[in-house]
Amino acid sequence: MKLSLASQGTTEESTRFEAGLAKQAALFGSGMEKVQTDGSVLRRNVNRWLADNCFSDYYTRIGLNDKEKLYSIVEQCMPYIGYPRTLNAMNIIDEKAAYFSRHSQTWPCKSAFRFRCGISSRTQKPPYLC
């Protein structure tokens, strides 16, 4: 079956983990790399999945940064995060869209991570793992 949308992925199976860890470290500091090596043995699998699935498969994609697509993503998460977090996420999308249009900048992925984790305050530090 031919898909109507071209692939937006930027990694291969062999580069997923490294690309995801690099993106994670770029957004949240080099301490993220230590979580992979110094973290509890029991948590290493989940930490690795976070890097190669969440940060590599999603955060390195192209084409996911406009307001409508972000709204669509948040709407799909609503059954799992509830109405309050959904509305908080949409408010953050609106605020960031206005800011970036005023400053002619592109969207950073960190904003998407904040609402994915249910963080409504931009002053609250994101956790290492959601």
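## Overall architecture

The model is predicted, and its protein chain contains five helices and zero strands. Read in sequence order, the pattern of the chain is α-α-α-α-α.

Of the 130 residues in the protein chain, 31% count as buried. The chain exposes about 8,700 Å², and carbon and sulfur atoms supply 54% of that area. Among contacts between residues at least 6 apart in sequence, 58% join residues at least 24 apart.

## Helix 1 against helix 2

Two packed helices are described by the angle between their axes and the distance between the axes. Helix 1 covers residues 16-28 and helix 2 covers residues 31-38. These two helices pack at an angle of about 130°, and their axes lie 7 Å apart. Angles from 65 to 115 degrees count as roughly perpendicular and those over 145 as roughly antiparallel; helix 1 and helix 2 are therefore oblique to each other.

On the side of helix 1, the contact is made by Phe 17, Leu 21, Gln 24, Ala 25 and Phe 28. Helix 2 contributes Met 32, Glu 33 and Gln 36. By class, the contact of helix 1 with helix 2 comprises five nonpolar, two polar and one charged residues.

## Helix 2 against helix 3

Helix 3 spans residues 41-58, and helix 2 packs against it at an angle of about 140°, with the axes 9 Å apart. Helix 2 and helix 3 are therefore oblique to each other. Helix 2 passes helix 3 in a left-handed crossing.

By class, the contact of helix 2 with helix 3 has two nonpolar, three polar and three charged residues.

## Helix 1 against helix 3

Helix 1 also packs with helix 3, at an angle of about 80° and with the axes 7 Å apart. Because angles of 65 to 115 degrees count as roughly perpendicular, helix 1 and helix 3 are described as roughly perpendicular to each other.

From helix 1, the contact involves Arg 16, Phe 17, Ala 19, Gly 20, Leu 21, Lys 23, Gln 24, Leu 27 and Phe 28. By class, the contact of helix 1 with helix 3 has eight nonpolar, four polar and five charged residues.

Some residues take part in two of these contacts.

## Individual residues

Glu 18 belongs to helix 1. Its relative accessible area is 49%, and Glu 18 is partly exposed. The C-alpha atoms of Glu 18 and Ser 56 are separated by 8.1 Å, although the two residues are 38 residues apart along the chain.

Gln 76 is found in helix 4, which covers residues 67-102. With a relative accessible area of 59%, Gln 76 is exposed. Gln 76 and Thr 86 are ten residues apart in sequence, and the distance between them is 9.5 Å, C-alpha to C-alpha.

How values were computed. Residues numbered from 1 in each chain as written. Predicted model: local features only at pLDDT ≥ 70, side-chain atom pairs only at ≥ 80, totals over all residues. Heavy atoms only, no water. Axes fitted to C-alpha atoms, helices over the stretch in contact; angles between N-to-C directions. Helix = DSSP H or I, 4+ residues; strand = E, 2+ residues; numbered from the N terminus. Parallel < 35°, antiparallel > 145°, perpendicular 65-115°, else oblique. Contact = heavy atoms within 4.5 Å. Nonpolar A, V, L, I, M, F, W, Y, C, P; charged D, E, K, R; others polar. Left-handed = near helix turned anticlockwise from the far one by under 90°. Buried < 20%, exposed > 50% of the residue type's maximum accessible area, 1.4 Å probe, protein only. Areas by Shrake-Rupley, 256 points an atom, 1.4 Å probe, with all protein chains shown as cover.
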